[in-house]
Amino acid sequence: MKQKCYKGLNFIPYIGSDRIQARVRELGGQITARYEGRNPLLICVLNGAAPFALDLFRAIDTDAEISFVRLSSYEGMESSGKVKQLLGLTEQIEGRDVIVVEDIIDTGRTMHKLLGDLGAMKPASLAVATLLFKPDALQCPDVAPDYVGFEIPVRFIIGYGLDIDGMARNLPDIYVLADEA
Ligand code: 5GP
């Protein structure tokens, strides 16, 4: 893995695709064991969570469904603090076992809002899977992800779905902003 440059900023390798894929398989195994015979619905938060959600979905070895929503609060490299509305949910989730799939939980504001909106639709259960979790950045103590790929320090990350102004989502590996490494 080599250094990458976007918008004049240098990013260095942080988590390689082999490690990511191995961890996703572990999480898929845990979800399989817990939801066997219950047909859980994965709700993927676009755009960032798409690669993780699809890999996780394929790592689940029991009946499961997937749906895609949008809810974004991030512009550039700083959280705007504003959380937009939930868009695109077409499934009825009342009585379903729902697993929300996110790319990263930073302040937790996005997930807090999403859990409030989805919880009001009366799912049978509501769990959270996130590829990355920054516990030291969390500002919403009610947000406690059930499935975490990697806990990381408060750093700016790109790759495997995570972007910098729309770029870098297609990288199979995860990179960190060099100055902060
Ligand atoms: P939160 O509401 O938890 O502060 O932010 C969640 C959203 O912020 C994520 O879905 C993601 O889009 C964005 N985000 C948070 N941290 C990072 C990061 O280190 N890199 C990138 N590319 N996006 C991030």
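Helix α3, which spans residues 109–119, has as its buried residues Thr110, Met111, Leu114, Leu115 and Leu118; buried means under 20% relative accessible area, exposed over 50%, and partly exposed in between, with a 1.4 Å probe and protein chains only. Helices (H or I, at least four residues) and strands (E, at least two) are DSSP runs, numbered from the N terminus. An α-helix has 3.6 residues a turn, so residues three or four places apart point the same way. The buried residues of α3 pack against β3 (41–46), β7 (97–105) and β8 (125–133), where contact means heavy atoms within 4.5 Å.

This is a predicted model, in which local features need pLDDT of at least 70 and side-chain atom pairs count only at pLDDT 80 or more, while totals for chains, interfaces and linings use all residues. Residues are numbered from 1 along each chain as its sequence is written, and side-chain values use heavy atoms, leaving out hydrogens and water.

Next, the backbone. Between leucine 46 and asparagine 47 the peptide bond is cis, with omega near -5°. Asparagine 47 sits in the loop between β3 and α2 (50–58).

Aspartate 165 counts as partly exposed, at 41% relative accessibility. Alanine 168 is also placed in the loop between β10 and β11. Its phi is positive too, near 80°, but alanine 168 is buried, with a relative accessible area of 4%.
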